Amino acid sequence: MTAAARVLELLVERGETLAVAESLTGGLVAAELTSVPGASKAFRGSVTAYATPLKRELLGVDGALLAERGAVDPEVARQMATGVRRVLGADWGMATTGVAGPDPQDGKPVGTVYVAVAGPDGAEKVTALRLNGERADIRRESVRSVLALFSAELGKNASA
């Protein structure tokens, strides 16, 4: 069973839903989730906010934060996850933001990635990644990492 299938199965068992906000992954997380038959039972949808202004306009990320730190930041990832959860009316939100390359962005080197999860009862977690490889490798590993983070948070939330 894939990571996407596992998290969707857990969500269905719990009667909860998921929304995704993506930047560097450009829809790959949503594609991974929707490749699972029956994903619509738990997956609400996604926002691909690739352009920095969309993070503010669609997801409610603080404009001053974006101006000060840029889009590649742990707090931006956290706000993207909470924002997509709110905007799409889901129990859980996941987010990816980072630099896939080939060039640095916002003063951050290629391979700098933040993945975040936000859920019920204030559950929030952000993980910083330092990934190596080509652009496609960084994007693929970002998808794997956000799904792993979400799976771990679902497990913690269930036992809390």
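**A loop residue and its backbone angle**

Author: Begin with Asp 121, which sits in the loop between strand 4 and strand 5 (124-130). The model is a predicted one.

Reader: What is the phi of Asp 121?

Author: First the general idea: most residues other than glycine have a negative phi. Asp 121 is not a glycine, yet its phi is positive, about 60°. The hairpin that holds Asp 121 is made of strand 4 and strand 5, with five residues between the strands.

Reader: Is Asp 121 buried or exposed?

Author: The cut-off for exposed is over 50% relative accessible area. Asp 121 has 81% relative accessibility, so it counts as exposed.

Reader: Where is Asp 106, and what is its phi?

Author: Asp 106 lies in the loop between strand 3 and strand 4. Its phi is near 50°, again a positive value in a residue other than glycine. Asp 106 is partly exposed, with a relative accessible area of 40%.

Reader: Which residues does a cis peptide bond join?

Author: The general idea is that most peptide bonds are trans. Here a cis peptide bond joins Gly 101 and Pro 102, with omega about 15°. Pro 102 is in the loop between strand 3 (92-98) and strand 4 (112-118).

**The overall layout**

Reader: How many helices and strands does the protein have?

Author: There are six helices and five strands. Read from the N terminus, the order of elements is α-β-α-β-α-α-α-β-β-β-α.

Reader: How do I judge whether the protein is compact?

Author: Compare its radius of gyration with what the globule rule gives for its length. The C-alpha trace spans about 40 × 30 × 25 Å along its principal axes.

Reader: What share of the residues is buried?

Author: Of the 160 residues, 48% count as buried. The protein exposes about 7,300 Å², and carbon and sulfur atoms supply 50% of that area.

Reader: What share of the contacts join residues at least 24 apart in sequence?

Author: Taking contacts between residues at least 6 apart in sequence, 63% join residues at least 24 apart.

**Strand pairing**

Reader: How do strand 3 and strand 4 run, and how many bridges join them?

Author: To read a pairing, look at the direction of the strands and then at the bridge partners. Strand 3 and strand 4 run antiparallel and are joined by six bridges. Strand 4 also pairs with strand 5, in the antiparallel sense, over seven bridges.

Reader: Which residues touch the most other members of the largest nonpolar core?

Author: That core has 31 residues, and those with the most contacts to other members are Leu 18, Leu 33, Trp 92, Met 94 and Phe 150. At least two residues each come from helix 1 (3-14), strand 1 (18-22), helix 2 (28-34), strand 3, strand 4 and helix 6 (135-159). Helix 6 gives the most, with seven residues. Another core, of 21 residues, lies apart from it and has among its members Ala 19, Met 80, Ala 81 and Val 99.

Reader: How many aromatic pairs does the structure hold?

Author: One. To read such a pair, take the distance between ring centres and the angle between planes. Trp 92 and Phe 150 are 5.4 Å apart centre to centre, with 75° between the planes, which is edge-to-face. The pair links distant parts of the chain, with Trp 92 in strand 3 and Phe 150 in helix 6, 58 residues apart.

Reader: Are Trp 92 and Phe 150 buried or exposed?

Author: Buried means under 20% relative accessible area. Trp 92 is at 0%, and Phe 150 is also at 0%, so both are buried.

Methods:
Residues numbered from 1 in each chain as written. Predicted model: local features only at pLDDT ≥ 70, side-chain atom pairs only at ≥ 80, totals over all residues. Heavy atoms only, no water. Helix = DSSP H or I, 4+ residues; strand = E, 2+ residues; numbered from the N terminus. Buried < 20%, exposed > 50% of the residue type's maximum accessible area, 1.4 Å probe, protein only. Core = buried A, V, L, I, M, F, W, Y, C linked by side-chain atoms within 4.5 Å. Phe/Tyr/Trp six-rings, centres within 6.5 Å; stacked < 30°, edge-to-face > 60°. Rg over C-alpha atoms; globule rule 2.2 N^0.38 Å. Contact = heavy atoms within 4.5 Å. Areas by Shrake-Rupley, 256 points an atom, 1.4 Å probe, with all protein chains shown as cover. Pairing = 2+ DSSP bridges.
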